[in-house]
Amino acid sequence: MWIASGFKYTEWNRASMSNQGSFSGRNPIELVTRLNQLWREGGLHAIRQGAEDYLRHNTIILDRKYEDVRSDTDYRWEFINNHINDSTERLLDIGCAEGYFCARAAGKGINAVGIDTNEKRIKQAKADHPNVDFRVQTLSPDNVTELPESDIILCLTVHHGFVNGYGWDESVEMMKTILEKGDLLVYEGSGIRRDHPSLDEDLETIDYYRELLFDIYEDAEIIEETYTEYGSGERTDSMYIVDCSNI
Ligand SMILES: C[S@@+](CC[C@H](N)C(=O)[O-])C[C@H]1O[C@@H](n2cnc3c(N)ncnc32)[C@H](O)[C@@H]1O
């Protein structure tokens, strides 16, 4: 039944955020329908990701940190680091997982804060990096205004969590508030085309998420963008540095 539960988790964290009941009660037709939906949304990768996520969060079978799941972790840090300078004092990482980027920033003397809804991940982050301020928090439309102001804010493959929890329109309002909280935003799309209600799914990844950013904030000033490789070629994400100092 783990695979059934895997699909529960793959429903983009909705169940874990609302503490809804187990997926195990679903009948086989519902499971096949969900499987078919995942296949159409993200192919084999979406199905595999759901199963992996479930195992990582709910069992000890796959206990890898998110930073170790991805082959581009160091590359992503270098991309961020290029935009950190002597005047960068505060970094906020929303959906920080086990805190890799916060730890790298703290290593440069930056005051880093990492938040994540996942208690297990934050526990690991605190154990590995006791000098960093990590907080268990589910960012929501109700608490997004309470985020601390920062020089640089990381929002890396987490926007889909807002969409799944609160819907597209609320997620856009959350992203707008986040933009107001920082001077620079580092945004990374989630690699799977499901977030935006109407964007052309045939766009290249880097064009898709750029358009998505402009839809959130039409005057967004994108300073730099890059492709990132998630793993062994199965998925390509894209990252953007957005100047939000005038918002
Ligand atoms: C795909 S992982 C990305 C981790 C990290 N940002 C990175 O790119 O290396 C998404 C993380 O965001 C967290 N997350 C999802 N929705 C969230 C929310 N509403 N508030 C806080 N954290 C959230 C998840 O628990 C997970 O650790």
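Predicted model: local features only at pLDDT ≥ 70, side-chain atom pairs only at ≥ 80, totals over all residues.

Trainee: Understood. How many helices and strands are there in the protein?

Mentor: The protein has ten helices and seven strands. Of its 247 residues, 35% are buried.

Trainee: And what share of the contacts with a separation of 6 or more joins residues 24 or more positions apart?

Mentor: Such pairs account for 62% of those contacts.

Trainee: Let us turn to the strands. Is E1 mostly covered or mostly open?

Mentor: Strand E1, residues 90-94, is mostly covered, as four of its five residues are buried. E1 pairs with E2 in the parallel sense over five bridges. Within that pairing, Arg90 has Asn111 of E2 as its bridge partner.

Trainee: How does the chain get from E1 to E2?

Mentor: The chain passes through helix H6, residues 100-106, and this β-α-β crossover is right-handed.

Trainee: Which other strand is joined to E1 by bridges?

Mentor: That is E4, residues 150-156, which runs parallel to E1 and is joined to it by four bridges. Leu91 stands opposite Ile152 of E4.

Trainee: What about E2 and E3?

Mentor: E2 covers residues 111-116 and E3 covers residues 133-136; the two run parallel and are joined by four bridges. Ile115 has Arg135 in E3 as its bridge partner. E2 and E3 also form a right-handed β-α-β unit with helix H7, residues 119-128.

Trainee: Changing topic: how many residues surround the ligand?

Mentor: The ligand is surrounded by 17 residues, of which the closest are Gly95, Asn118, Leu139, Leu156 and Gly161. E2 and helix H8, residues 159-166, are the elements that give two or more residues to this shell. H8 provides the largest share, with three residues.

Trainee: Could you take Leu185 as an example? What is it in contact with, leaving aside neighbours within four places in sequence?

Mentor: Leu185 is in contact with Ile153, Cys155, Ile178, Leu179, Val242 and Cys244.

Trainee: I also noted some positive phi values. Where does Ala97 lie?

Mentor: Ala97 lies in the loop between E1 and H6. The phi of Ala97 is near 55°, a positive value in a residue other than glycine. Most residues other than glycine have a negative phi.

Trainee: Why does Ala97 count as buried?

Mentor: Ala97 counts as buried because it has 23 C-beta neighbours inside 10 Å, and the cut-off is 20 or more.

Trainee: And what is the phi of Thr157?

Mentor: The phi of Thr157 is near 40°, also positive in a residue other than glycine. Thr157 is placed in the loop between E4 and H8. Thr157 counts as buried because 21 C-beta neighbours are found inside 10 Å.

Trainee: Which helix holds Gln124?

Mentor: Gln124 is found in helix H7. Gln124 is partly exposed, because there are 18 other C-beta atoms within 10 Å. Leaving aside neighbours within four places in sequence, Gln124 is in contact with Lys65 and Glu98. Gln124 and Lys65 are 59 residues apart along the chain, with their C-alpha atoms separated by 8.8 Å.

Trainee: Lastly, what does Arg210 touch, not counting residues up to four places away in sequence?

Mentor: Arg210 touches Ile222, Glu225 and Tyr240. Arg210 is in helix H10, residues 205-216, and counts as partly exposed with 19 C-beta neighbours inside 10 Å.

How values were computed. Residues numbered from 1 in each chain as written. Contact = placed C-beta atoms within 7 Å. Pairing = 2+ DSSP bridges. Right-handed = clockwise from strand over helix to strand, strands pointing away. Near = placed C-beta within 6 Å. Buried ≥ 20, exposed ≤ 12 C-beta atoms within 10 Å, placed from the backbone.
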